[in-house]
Amino acid sequence: MTPELDPLDAPSPADVSPELRRVAVLERVLAVSVAGIWENVLDWPHVPWLHPGSFTSIDLLASGRDWWRARVGLTPASLGREVVLELTVDRGALRYVTRTLEGPGSPAVIVSTLAPLAEERTAIRIEFFARAADPLQRRIAGQVYTRVYRRLWDEDEAMIVERAATLPLLRPAATQRVALGPRASLELPRTVEIGGLKVRVFAVGDALRALALICPHMGGPLREAPTHSCRTCPWHGYRYDASSGARLDARGPGLESLHVEVDPRTGEVVLERRCAG
């Protein structure tokens, strides 16, 4: 009777060097579309912001429509460790490959293959290839890779799902209004919702202001309480002045400012979000 082949000993893909051994395979189902995954893996700037437990920085070296190469800092920052990663997408094969070209653990290859199950449901199979001379090294390397990638995909999946929900909020289809109550009894600052969008209402002197708590870049959620008068997007690190909403690095649009109206007769405060079109 022929012994069953260990999945780790199955033939390697043609684009993986023979010197590398498959050390682990991770499979899971993501509540996101294939298009959402492509957008995510090609969105290199989010790496240190969404995954601060694994990465400290990223510096792009080169890129194209379906690939990028970057120098990435590893945690802990105190050790100063860096790797050069290259990611390439093959949309036709529903596959992308991440290679560690330089730094700790290099050379190494991670092959991720997608299988669409439904409009917002995709299976992913991730195969990890590294230099592992003996079974113990192989097992330890596999445990490290799978532990890290489970966490990375937990974080990525949550962002993709939230982004799909918040992006439509950036451009309202119709003008929206909400009454906040009499100005005299209005406790500020406060957060309200208008059409599903969270808005921070606050006073600047005698005037009232209202800023959307959503990053205009890709819909990242902003904290209600600013840090040092600054609101920072947790997905890409974009920074905005908490009072004016202006982009602090002077690149790109600032936060959406909503119209605040106070009825001169009743003192009623009304928040209005005007149609973007």
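Glu-102 is partly exposed at a relative accessible area of 42% (partly exposed sits between buried, under 20%, and exposed, over 50%, with a 1.4 Å probe and protein chains only). This is a predicted model, where local features need pLDDT of at least 70 and side-chain atom pairs count only at pLDDT 80 or more, while totals for chains, interfaces and linings use all residues. Residues are numbered from 1 along each chain as its sequence is written, and side-chain values use heavy atoms, leaving out hydrogens and water.

**View A. Glu-102 pairs up with Arg-71.** Their side chains meet in a salt bridge at 3.8 Å, N to O (a side-chain nitrogen of Lys or Arg within 4 Å of a carboxyl oxygen of Asp or Glu). Glu-102 lies in strand 5 (residues 95–102) and Arg-71 in strand 3, so the pair ties together parts 31 residues apart in sequence (strands are DSSP runs of E, at least two residues; helices are H or I, at least four; both are numbered from the N terminus). Arg-71 is partly exposed too, at 28% relative accessibility.

**View B. Arg-69 forms a salt bridge with Glu-86.** Here the closest N and O atoms are 2.7 Å apart. Arg-69 belongs to strand 3 (residues 67–74) and Glu-86 to strand 4 (residues 82–90), so this pair joins parts 17 residues apart. Arg-69 is partly exposed at 26%, whereas Glu-86 counts as buried at 15%.

**View C. Glu-157 holds a salt bridge with Arg-28.** The closest N and O atoms sit 3.2 Å apart. Glu-157 in helix 3 (residues 135–166) and Arg-28 in strand 1 (residues 21–30) are 129 residues apart. Both residues are buried.

**View D. Arg-22, Glu-27, Arg-125 and Glu-127 form a salt-bridge network.** The overall count comes to 21 salt bridges.
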